[in-house]
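Visitor: Could you walk me through this one? I would like to start with the helices and then go on to the side-chain contacts.

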Amino acid sequence: TRSEILLDEQVDTYARELNIPLLFGGYDRAGRNDYNAFFFLTPPHGNLQIYRKNVLLLFGEYIPGADSFDFIKNSFPQVGNFSRGLGPSVLEVSTNNPKVPIVKIGPIICYEALFPNYVAQAARQGSQIIMNITNDSWFGEWGEPQLHLALSTFRSIETHLPMLRATNTGISALIMPDGEITHSTPLGVQNIMNVFIPLTAPINTLAKRWGDWFGLFSFWIGAGGLAIARLRAPKRVPSDTPLSK
């Protein structure tokens, strides 16, 4: 529509005037498919890169079978019907820093921050920063926003990459490669967070090499320990068996 075109032009003009990259979330459409998307707009030429969310929230962003059966989609009109993006990717953003002219960013949207393998795949592709945008407004101000942030810190620890996290209602934060949260914003308060993001040499962590190995490793260690304990346990003597003649 005309209004959408005008809005696109205003966003593009804003990025050109500031002469800095503008990264923001929104909805994207390609053909008949709708996507939850992350847009990277880089001046001065207005280069636009798009990341489309791949790990969708069940019954929030899609319903199983809705693509094949219209009656399912029509029965739940309030639920989104998004398509999946291609998966983990790395987008390049130019900067005004001659020492670091290009920064490689691994974008993730909301729920995707909870999946170690997904973030690790982008790290293997050479991402230098994890960039997370999320909407936690559905859950109020207690519990979920704090938990979502706490779980996100593990993605930085596993990949040894900094994470910049922008959340519409908070908690936005800068997470260091060791998991330390050095900057954060309060819940429900408009805020601007100016931070310097450290870029370090890549480290080939276990998560990058093996993915989400810890859970499976712990399972087999526990199962093996339980089996050994059962084998070493003394055999019980039936109560009706005489101990001596």
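Guide: Helices (H or I, at least four residues) and strands (E, at least two) are DSSP runs, numbered from the N terminus. Just after α1, asparagine 19 takes a positive phi of about 60 degrees. This is a predicted model, in which local features need pLDDT of at least 70 and side-chain atom pairs count only at pLDDT 80 or more, while totals for chains, interfaces and linings use all residues. Residues are numbered from 1 along each chain as its sequence is written, and side-chain values use heavy atoms, with hydrogens and water left out.

Visitor: Which other residue has a positive phi although it is not a glycine?

Guide: Cysteine 110 has one, of about 50 degrees, and its place is in the loop between β5 and α3.

Visitor: Switching to charges, how many salt bridges does the structure hold?

Guide: It holds four, a salt bridge being a side-chain nitrogen of Lys or Arg within 4 Å of a carboxyl oxygen of Asp or Glu. One of them joins aspartate 28 and arginine 52, with the closest N and O atoms 2.7 Å apart. Aspartate 28 lies in strand β1 and arginine 52 in strand β3 (residues 47-52), so this pair ties together parts that are 24 residues apart in sequence.

Visitor: Is aspartate 28 buried or exposed?

Guide: Aspartate 28 is buried, with a relative accessible area of 12%, whereas arginine 52 is partly exposed at 27%. Arginine 52 also lies over the face of tyrosine 35, at 4.5 Å from the ring centre; a charge sits over a ring if NZ of Lys or CZ of Arg is within 6 Å of the ring centre and within 35 degrees of the ring normal.

Visitor: Where do aspartate 136 and arginine 165 lie?

Guide: Their side chains meet in a salt bridge (3.4 Å, N to O), with aspartate 136 in the loop between β6 (129-134) and α4 and arginine 165 in strand β7, 29 residues apart. Both residues are buried.

Visitor: Last topic, how many aromatic pairs are there?

Guide: A search of the whole structure finds five; rings of Phe, Tyr and Trp (its six-membered ring) pair if their centres lie within 6.5 Å, and planes under 30 degrees apart count as stacked, over 60 as edge-to-face and the rest as tilted. Among them is the stacked pair of phenylalanine 24 and phenylalanine 39, at 5.4 Å centre to centre with 25 degrees between the planes. Phenylalanine 24 is in strand β1 (residues 22-30) and phenylalanine 39 in strand β2 (residues 33-42), 15 residues apart.

Technical notes:
Buried < 20%, exposed > 50% of the residue type's maximum accessible area, 1.4 Å probe, protein only.
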